[in-house]
Amino acid sequence: LILLLSLLLFSFSCLCLPSQQSLFLTPLKEYDMLIKLRTKANPRGSHGVAYTHTEVQPVSKFRNSPVSGAPVLADFDPVRRFVHELKGTYGELALFLFDELGGEVIAVVWKPAAFLPSRFKVSSASSTIPLTSDFSAEVFSALDTLAQGGAAAAGNKKPKKSAGERGEALLVLPNIAQVVANIRHLGKDLVKDIVLQ
Amino acid sequence: VQAVSPTLRYTEVFIPQAVEGSTAAQVRWVPLLDVVVQFESSGHWPDDLEAARHTKTAFYLRMADELQSHLSLDSVVTEDWLEVRSGGFTFRVVIHHERDLLLLQKTQDQKAVQLFERDFVHRPKLAASVHTLATQNSSFSTTVRLAKRWVHAHLFSALVSEEALELLVAHVFLSPRPYDPPTSPFVGFLRFLELLSHFDWAGQPLIVNLDHELTPQTQTEITHLFNTAKPESRPALYLATPADPRSVHWTGDSPTQLTLNRLVRFAQTSLKAALEGIEAPDTFNFKVTSTRPLLLLPTLISPSVLS
């Protein structure tokens, strides 16, 4: 497990750097997941680095006619709100990186620590999957061995609960498929596509 | 009346366009231009924070009425600010009353006091200093905008504050040694990348001599504060100014060490790419020629118009 953890940490620290080709186009290959956004749904879409004029919507047929009765929405930035919501919901699971100036993707990096088996919690029940009880017990005994090693080293003689006593406790892992479905649902029309890489 | 929005000190990446309405197909982006209205101290203000807040709301309502009847400006009142629309732009007006700070200090809520000072003391002061800098150096504004565009383009939005980036660029202009201050925005931008790449962030504080207020005493004090703070408890990006020797206001919570490391590595690669690009311009796509008027000079909105 520790090997896995360090491997994942290593992979994060090696995240890709800007290519030799451009200063302002960021490489996206190395992120774990990309949430692609619909530029049209973003009021700041036209600020994007990759934005081209061909996508411009005509504002009005006649310059002097009022555009429409739609109200002016000051500071309305759905992408920023979406990212805020994502951080609130899945902040412990992943990092969400974005470009508030008309960026077309939200890049997601999973946090390695969140993918270790953890105890079942009702609050996160919808986005986790239980491990089989056999595997749970195995993890517990591994943890016990570690804890005993640590306790012995520290000269701590307190008796620990054995794996058997905790055998009924259920361990869970994040359910990525469910998380992706939830993100798609949260983003609704803002999200064009979600790519796991 | 103090202007605090980046737009009003020439450091917003995209110059706001006047927006009168939105089409059904596309909601237009309408930034809020922040303005702080400072009220004279008066004994008539209530002694309770909640009551003071409601008093301000009452003032917003009154201001909205006055603006409507005297200048026929539309505004929207919320509990904590007033949105005024004028000529297609929207200003967010917030009232600042000094007494609130005393009331806050009594509550012993350190974080709230710090936020209050940041929003009503330090931000307007920084805005004024940066505004001065932008009027003194013709390439400052565009350099800041390039730097911000670069930082956002590499997905660092919400991780590095606008003010921190402005301070970094300010440092490039204020302490350019061994060079002269940059005379073109692109050179300024390269120096910004160079500063990010090569500065020893873990080993020393970056002291920005804003308004040339720095004295040898403050300099020693800042260095002392930096050296006595535990490396893990001080900000990773330590940007000290004479007004903010502990670097708490603009980089206190973010970026983290991990984010800073990534930022530095991006800067190093971009700098290298840019320098190589200058030597072989045919094969290089700077992507500076954005389709939006990134490089046009900003429309001049002087704070004096607001006061």
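**View 1. Helix 3 and helix 5 of chain B lie oblique to each other.** In this predicted model, the axes of helix 3 (residues 110–136) and helix 5 (residues 162–174) of chain B come within 11 Å and cross at roughly 40°. That angle makes the pair oblique; angles under 35 degrees count as roughly parallel, over 145 as roughly antiparallel, 65 to 115 as roughly perpendicular and the rest as oblique. Axes here are lines fitted to C-alpha atoms, for helices over the stretch in contact, and angles run from 0 to 180 degrees between N-to-C directions. Helices (H or I, at least four residues) and strands (E, at least two) are DSSP runs, numbered from the N terminus. Helix 3 of chain B passes helix 5 of chain B in a left-handed crossing (left-handed if the near helix is turned anticlockwise from the far one by less than a right angle, right-handed if clockwise). Helix 3 of chain B brings R123(B), L126(B), V130(B) and L133(B) to the contact, and helix 5 of chain B brings E163(B), E166(B), L167(B), A170(B) and L174(B); contact means heavy atoms within 4.5 Å. These residues divide into six nonpolar, no polar and three charged (Ala, Val, Leu, Ile, Met, Phe, Trp, Tyr, Cys and Pro count as nonpolar, Asp, Glu, Lys and Arg as charged, and the others, Gly among them, as polar).

A note on reading the views: residues are numbered from 1 along each chain as its sequence is written, and chains are lettered from A and ligands numbered from 1 in the order in which they are written. Local features need pLDDT of at least 70, side-chain atom pairs count only at pLDDT 80 or more, while totals for chains, interfaces and linings use all residues, and side-chain values use heavy atoms, with hydrogens and water left out.

**View 2. Helix 6 and helix 8 of chain B also make a left-handed crossing.** Look for helix 6 (residues 185–198) and helix 8 (residues 257–279) of chain B, packed at an angle of about 140° with their axes 8 Å apart. They are therefore oblique to each other. Among the contact residues are F186(B), L190(B) and L193(B) of helix 6 of chain B, and A267(B), L271(B) and I278(B) of helix 8 of chain B. The contact divides into 11 nonpolar, four polar and one charged.

**View 3. Two hairpins of chain B share strand 4.** Strand 3 (residues 75–77) and strand 4 (residues 82–86) of chain B pair in the antiparallel sense over three bridges; two strands pair if DSSP finds at least two bridges between them. V76(B) has E83(B) as its bridge partner, and four residues link these two strands in a hairpin. Strand 4 of chain B also pairs with strand 5 (residues 89–96) of chain B, antiparallel, over five bridges, where L82(B) is partnered by V93(B). This hairpin has two residues between its strands, and G87(B) in the turn has a positive phi of about 55°.

**View 4. A four-stranded open sheet of chain A carries a helix.** The strands follow the order 2-3-1-7, with antiparallel pairing. Strand 2 (94–98) and strand 7 (191–196) of chain A stand at the edges, each with a single partner strand, so one side of each is left without a neighbour in the sheet. The twist averages 20° from one strand to the next. Five bridges join strand 2 to strand 3 (residues 105–110) of chain A, and F96(A) has V108(A) as its bridge partner. Helix 2 (residues 78–90) of chain A packs on the sheet, touching strand 1 (33–37), strand 2, strand 3 and strand 7 of chain A, and its direction makes about 170° with that of strand 2 of chain A.

**View 5. Three strands of chain A form another open sheet, in the order 4-6-5.** The pairing is antiparallel. Strand 4 (118–119) and strand 5 (128–130) of chain A are the edge strands, each with a single partner strand, so one side of each is left without a neighbour in the sheet. Three bridges join strand 5 to strand 6 (residues 171–174) of chain A, and P130(A) stands opposite V172(A).

**View 6. Two cis peptide bonds sit in chain B.** Most residues other than glycine have a negative phi, and most peptide bonds are trans. R177(B) to P178(B) is cis, with omega near 10°, and P178(B) lies in the loop between helix 5 and helix 6 of chain B. S254(B) and P255(B) are also joined by a cis bond, with omega about 0°.
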